[in-house]
Amino acid sequence: MTWLELVVIVVILLVLASIVWPFQGGGKASALKAMCVSNMKMEGISTLMYATDFDDRLPPAATWATTNRPYAKSDEIYRCSEIRNHKSDQFGHAFRSALQRRKTTDLSASEPMLFDSTDLSWDAHGGLDLLPPKGRHPDGKNSICFVDGHAQAMTADGLFAKVWAGRSK
């Protein structure tokens, strides 16, 4: 193999590396978002399991996570994977207070029940004003779980459009 052939091979490898390199960071961000949405869905399922045992009523807002604890596999599902350098008492998800003790059968499936929150405490609860304004995920989206148990990442604008569309039906 000549020096020229070696240089050509190195240049080709560098070009390929420069093409692939930008996509390397996106995989980790996508994985963290997927884990966060998955955790939110598991929280939603544990909340709906609680409701099933209590006449279809959602838990009290002030103790929602504590109340759901027996239905959850682990307390780690309450921790948002997107929070960097979190302390042991920081979780990042909240229950929507307006839904406390309400019957799931009286609510629209498009009602947000659990969401990423700026309040990082255990049993965090409040209104949708607690959503991180720029989104918790790098793409500007937050994880949301709805009363029907499905979870997804969406922007605040997308969430409010979905909520209003569900109320106009």
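I take buried to mean under 20% relative accessible area, exposed over 50%, and partly exposed in between (1.4 Å probe, protein chains only).

**Ground rules.** My model is predicted: local features need pLDDT of at least 70, side-chain atom pairs count only at pLDDT 80 or more, and totals for chains, interfaces and linings use all residues. Residues are numbered from 1 along each chain as its sequence is written, and side-chain values use heavy atoms, with hydrogens and water left out.

**Entry 1, Trp64 and its rings.** I started with burial and found that Trp64 is buried, as is Tyr78. For Trp64 I noted a relative accessible area of 1%. Next came the aromatic pairs, where rings of Phe, Tyr and Trp (its six-membered ring) pair if their centres lie within 6.5 Å; planes under 30 degrees apart count as stacked, over 60 as edge-to-face and the rest as tilted. The count by this rule is 6 aromatic pairs. Trp64 and Tyr78 are edge-to-face, because their ring centres are 5.7 Å apart and their planes stand at 65 degrees. I see Trp64 in helix α2 and Tyr78 in the loop between α2 and β1, 14 residues apart, so to speak a link between distant parts of the chain. My helices (H or I, at least four residues) and strands (E, at least two) are DSSP runs, numbered from the N terminus. Trp64 also pairs with Phe95, and that pair is stacked, with 6.1 Å from centre to centre and 25 degrees between the planes. Phe95 sits in strand β1 and Trp64 in helix α2, so this pair ties together parts that are 31 residues apart in sequence. Phe95 is buried too, at a relative accessible area of 0%.

Which residues form one aromatic cluster? I listed Trp64, Tyr78, Phe91, Phe95 and Trp122. I then followed Phe91, which lies in the loop between α2 (64-68) and β1 (93-96). Phe91 counts as buried because its relative accessibility is 10%. For contacts I asked for heavy atoms within 4.5 Å. Leaving aside neighbours within four places in sequence, Phe91 touches residues including Asp75, Tyr78, Ile83, Leu120 and Trp122.

Ser117 is in the loop between β2 (112-116) and β3 (125-126). Buried or exposed, I wondered, is Ser117? Ser117 counts as buried, at 0% relative accessibility. A polar atom of the Ser117 side chain lies 2.9 Å from the backbone nitrogen of Asp119. Beyond four places in sequence, the contacts of Ser117 are Gly92, His93, Ala94, Leu130, Pro132 and Arg136.

Conventions
Polar contact = N/O pair within 3.5 Å; in protein donor to acceptor, adjacent residues only side chain to side chain.
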